[in-house]
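Here is a short report on one protein model. Look over its sequence and fold before reading on.

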Amino acid sequence: MTDLIIGGWKVPILVMDVAMVLLAGLVAIILHVIVMKILRRIARSTAGEHDQVIIRLAARPLRWIMIAVALAFIRDALHLSDKLNAIWAQAAGLIVPLLVGWLAIVIVRALAKIVEIESDMSVADNLRARRRRTRSAILTRIAILTIGFVTICVMLLSIPSVRSVGVTLMASAGLAALAVGAAAQPALKNLIAGIQMAFTEPIRLDDVVIIDGEWGKIEAIHLTYVVVAIWDERRLVVPVSKFLDESFQNWTRKTSSLLGSAFFYLDPTADISRLRTKYEEIVKSNSRWDGRGFVMQVTDTKPEAIEVRVLATAKDAPTAFDLRCDIREAMLAFIRDEMPEALPRNRTRLEPGRSIEEERGTRQARRNGHSERSGLGDVSDMGEDDPGDPQDADA
């Protein structure tokens, strides 16, 4: 039978089936539009953007799922041959898992987007936000990878030939897993390290780190590698396992606030109290100082100079770097203009009645004599003095 009699008219079965399919698809699209409008209106009436994000991202997969459901309802009403019926069933076995997996991935990404909206990293102390974003990013990738793997497995199992072969493959799955594991050991190691990093959190997004001698920020964390944005706009790609197996510096592990330091090498006779007064004035007048603390200390003494260390706090690593530069420039300008006597100087002690030229000649003669006795040859350029010689001090 190739025709149907409807109202006295002969209608080909193929045309009738095509019309039913198109009508079912149109009804599904209209129903989808109505449902989405209702859901959007409900979402706008609630506080926050969570509902709107989920509805916006899930709209496309839901449209195709509703079309698939509508086609499933009219399947029994279609005049399909055994061959077309088998093709329909096979297509449904592939398309339905694909649509469901698509919807699941979209929902996971919507949840990650909600976490991103709630975790504002623009605030001064963004430790909690960075922790949540880092964990969300890693777990989202793991979830997407898992959903994709399960979806592909379900799609393949809907194929009879693949399903029958699967029983045979199960017997050799152990040996195959060992072979694949041995060949992909580095990748598996980094994959497992990425999962571990989601819970141990040695690094987080926007953390300031020093690794391989490079200073930068954690820009992205993937399952197998991490992207570090270097200060000069380069990108350092580091395997995830490196952050678990090797030592590195994390400047924002507990808080984004940092203590910056700068060193000055001055003459031993420098007036430290006067410098400390000026340093306090410089720090308090700098807008990059966060007000938590500052100090100036003499941290080391040498015959030729003293080491003066200054400390000041800042809200984050970039600000601390700029603050240190500002302090160096201001302190050096003050020493140059107001306290030049604090700059390092060379000193030579002269015996009464002797000129500098005579003293230098005596020192050179003693060096030459010492080198001949020791068998070292001419060591005049080594700058070593015998005990009792006048000493030079570089400041």
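Two strands count as paired if DSSP finds at least two bridges between them. Keep that in mind for the sheet below. The model is predicted.

**The sheet**

Leu-266 stands opposite Ile-306 in strand 10. Strand 8 and strand 10 pair in the antiparallel sense, over nine bridges. They belong to an open sheet of three strands, in the order 8-10-9, with antiparallel pairing. Which strands stand at the edges? Strand 8 and strand 9 do, each with a single partner strand, so one side of each has no neighbour in the sheet. On average, neighbouring strands of this sheet are turned by 25 degrees against each other, direction ignored.

| Strand | Residues |
|---|---|
| Strand 8 | 258-266 |
| Strand 9 | 294-301 |
| Strand 10 | 306-314 |

**Helix 3**

Helix 3 covers residues 82-118, which makes 37 residues. From its first C-alpha to its last it reaches 54 Å. That is close to the 54 Å expected at 1.5 Å a residue. Several of its residues are buried, among them Gly-93, Pro-97, Leu-99 and Gly-101. Further along helix 3, Ile-114 and Val-115 are buried too.

**A nonpolar patch**

A nonpolar patch of about 710 Å² is made by Leu-23, Leu-26, Val-27, Ile-30, Ile-34, Ile-38, Leu-39 and Ile-42. Take Leu-26, which lies in helix 1 (residues 13-45). Its relative accessible area is 47%, so Leu-26 is partly exposed. A patch residue needs over 30% relative accessible area.

Definitions and conventions
Residues are numbered from 1 along each chain as its sequence is written. This is a predicted model: local features need pLDDT of at least 70, side-chain atom pairs count only at pLDDT 80 or more; totals for chains, interfaces and linings use all residues. Side-chain values use heavy atoms; hydrogens and water are left out. Helices (H or I, at least four residues) and strands (E, at least two) are DSSP runs, numbered from the N terminus. The expected span of a helix is 1.5 Å times one less than its number of residues. Buried means under 20% relative accessible area, exposed over 50%, partly exposed in between (1.4 Å probe, protein chains only). Patches are made of residues with over 30% relative accessible area and no salt bridge: like charges are joined within 9 Å, nonpolar side chains (Val, Leu, Ile, Met, Phe, Trp, Tyr) within 5 Å. Accessible areas come from the Shrake-Rupley method with a 1.4 Å probe; for residues, only the protein chains shown count as cover. A salt bridge is a side-chain nitrogen of Lys or Arg within 4 Å of a carboxyl oxygen of Asp or Glu. Axes are lines fitted to C-alpha atoms, for helices over the stretch in contact, and angles run from 0 to 180 degrees between N-to-C directions.
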